[in-house]
Amino acid sequence: MSVLTNEASRTDILNRLKRAEGQMRGVQRMIEEGEPCLKVAQQLSAVRKALDSTFVRMTVCYLEQELDGRLEHTESGEQPKLSAMLDEVETLLARMA
């Protein structure tokens, strides 16, 4: 099983998760303080979107890492094409989330 080895990607994903964790603490606080359900639901929606976008980013990072590892011996001109394709995959996945 693969692990994410790109340090910048790992940092990005961890930062996204920490932000989502902070948002969840805010939702818990809102419930404890008796905030209206509509406001709580809005914040829960924001947390879901944050987690969905983190999932998409993690998936694209995984694909990029695995493809880079398997395509090391391809022509150097293929790398920009691969990067563009991964950007498109990320956009498509984000629309599905």
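# A tour of a charged network and its surroundings

Select Arg 16, which is partly exposed, with a relative accessible area of 21%. The model you are viewing is a predicted one.

Stop 1: Asp 12 is partly exposed, at 25% relative accessible area. Why can such side chains pair? Side chains of opposite charge can do so when their charged atoms come close.

**Stop 2: across to H2.** Now select Arg 57. Asp 12 has a salt bridge with Arg 57 too, with the closest N and O atoms 3.5 Å apart. Arg 57 lies in helix H2 and Asp 12 in helix H1, so this pair ties together parts that are 45 residues apart in sequence. Is Arg 57 buried or exposed? Arg 57 is buried, because its relative accessible area is 18% and the cut-off for buried is under 20%.

**Stop 3: on to H3.** Glu 90 forms a salt bridge with Arg 57, with 3.3 Å between the closest N and O atoms. Glu 90 is in helix H3 (residues 78-96) and Arg 57 is in helix H2, so the pair ties together parts 33 residues apart in sequence. Glu 90 counts as partly exposed, at 23% relative accessibility. Show the four residues together: shared partners join Asp 12, Arg 16, Arg 57 and Glu 90 into one network of salt bridges. The structure has 4 salt bridges by count.

**Stop 4: around Arg 57.** Which residues touch Arg 57, leaving aside neighbours within four places in sequence? They are Ser 9, Asp 12, Ile 13, Arg 16 and Glu 90.

**Stop 5: along H2.** Select residues 37-70, which make up helix H2. H2 has 34 residues and reaches 49 Å from its first C-alpha to its last, close to the 50 Å expected. Its buried residues include Val 40, Val 47, Ala 50, Val 60 and Cys 61.

Stop 6: Colour Cys 37 and Cys 61. Cys 37 is exposed, at 67% relative accessible area. Cys 61 counts as buried, at 2%. How many disulfides are in the whole structure? The search finds 0.

**Stop 7: a nonpolar patch.** Finish with Leu 14, Leu 17 and Leu 51. Together they form a nonpolar patch on the surface, with about 250 Å² of accessible area. Leu 14 belongs to helix H1 (residues 7-32). Leu 14 counts as partly exposed, at 45% relative accessibility.

Definitions and conventions
Residues are numbered from 1 along each chain as its sequence is written. This is a predicted model: local features need pLDDT of at least 70, side-chain atom pairs count only at pLDDT 80 or more; totals for chains, interfaces and linings use all residues. Side-chain values use heavy atoms; hydrogens and water are left out. Patches are made of residues with over 30% relative accessible area and no salt bridge: like charges are joined within 9 Å, nonpolar side chains (Val, Leu, Ile, Met, Phe, Trp, Tyr) within 5 Å. Accessible areas come from the Shrake-Rupley method with a 1.4 Å probe; for residues, only the protein chains shown count as cover. A salt bridge is a side-chain nitrogen of Lys or Arg within 4 Å of a carboxyl oxygen of Asp or Glu. Helices (H or I, at least four residues) and strands (E, at least two) are DSSP runs, numbered from the N terminus. Buried means under 20% relative accessible area, exposed over 50%, partly exposed in between (1.4 Å probe, protein chains only). A disulfide is a pair of cysteine sulfur atoms within 2.5 Å. Contact means heavy atoms within 4.5 Å. The expected span of a helix is 1.5 Å times one less than its number of residues.
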